[in-house]
Amino acid sequence: MTTVDSDHTDQEAFSSSVVIEQAAAAPESLLASPDQLSQAEITQEIIDYHAAADAREAAGERVAMTLHDFPPYRSSILRHPTKNPKLVDPETIELWSPAFGQRDVAAIEADLTLQHTGEPQGERITVQGRLLDSWGRPLANQLIELWQANAAGRYIHQRDQHPAPLDPNFTGAGRIVTNDDGEYKFTTIKPGAYPWKNHVNAWRPAHIHFSVFGTSFTQRIVTQMYFPGDPLFPLDPIYNTIRRQADRDRLIGQYDHDLTVPEFSMGYRWDIVVDGPDATWFEPEEGEH
Ligand SMILES: [Fe+2]
């Protein structure tokens, strides 16, 4: 069973600032500033902070499984609350929060390859799984939203201007409502890795962002699905804010040949567990990368 969590959203994925011609080298304005650390220095920080957390835990301290302030992830300090949560009246917010039902989400929204007149570039994939609670019970009629970069690692977003091509046939957003067995299934394109300027030569592993809406905004949770065997895993400060490998593994979709459609798409299975010891790691509400 795959589960997920993470403390981070991905907004800095959208962080560059210059329009470039396709296949051009990155302009200097897109490169990390000279005072930023190298990947080797960041990787060593990741190792050191994990070791320090393990040592504190071994000494009897209760250490969170996800490190909210994680210096290798430079903006993590800005990505979680620093004050106590403010209580809201659930009756009021429930009254005004959006409502949706099966009829509000069209079936075609689960196929990101059909949203334009032509086929998007890239490796077509199917991502299928179940939304489960900690007892393994399916969560039916739940809105799952997904967003991602295209095959070249480019988002359609004004803050993502790194020199990779946009695809006129790919927007990168989809929705589905889980069926009675808690199942969802998206058809999309495997996203590419992309640079994000956390440090010199910083690249995010390929990932798809997922949101599970619940029944109101107060329940919404956000996470990322990765792909097996990505060589960027040990280098990525976001992925490594999660301390235990077993928890990080729950963020990785598993290749499933039974889900691969002959002559059409590669299949990945990824279950999302929203609570309990097998819970997928989820992010706080702020940004995204
Ligand atoms: Fe992202």
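**Exercise 1.** State what share of the 289 residues in this protein is buried, and describe the order in which its elements follow one another.

*Solution.* In this predicted model, buried residues account for 37% of the 289 residues. The next step is to list the elements, which comprise three helices and 11 strands. Read from the N terminus, they run α-α-β-β-β-β-β-β-β-β-α-β-β-β. Finally, among contacts between residues at least 6 apart in sequence, 77% join residues at least 24 apart.

**Exercise 2.** Identify the residues of the largest nonpolar core that touch the most other members, and trace the contacts of Leu131.

*Solution.* The largest nonpolar core holds 46 residues, and those touching the most other members are Leu131, Ile144, Phe186, Phe210, Val212 and Ile272. Among the elements that give two or more residues to this core are helix H1 (39–58), strand S1 (124–132), strand S4 (183–189) and strand S7 (207–212). Turning to Leu131, and leaving out residues up to four places away in sequence, its contacts include Ile144, Tyr184, Val212 and Ile272.

**Exercise 3.** Determine which residues of H1 are buried and how they are arranged about its axis.

*Solution.* H1 has 20 residues and reaches 28 Å from its first C-alpha to its last, close to the 28 Å expected at 1.5 Å a residue. Within H1, Ile42, Ile46 and Tyr49 are buried. Seen down the axis, the buried residues of H1 fall within an arc of 75°, so they line one face of the helix. The face turned away from that buried side carries exposed residues, including Ala40, Asp48 and Ala58. After H1 comes Gly60, whose phi is positive, near 105°.

Conventions
Residues numbered from 1 in each chain as written. Predicted model: local features only at pLDDT ≥ 70, side-chain atom pairs only at ≥ 80, totals over all residues. Core = buried A, V, L, I, M, F, W, Y, C linked by C-beta atoms within 7 Å. Buried ≥ 20, exposed ≤ 12 C-beta atoms within 10 Å, placed from the backbone. Helix = DSSP H or I, 4+ residues; strand = E, 2+ residues; numbered from the N terminus. Contact = placed C-beta atoms within 7 Å. Expected span 1.5 Å × (residues − 1). Arc of directions from axis to C-beta.
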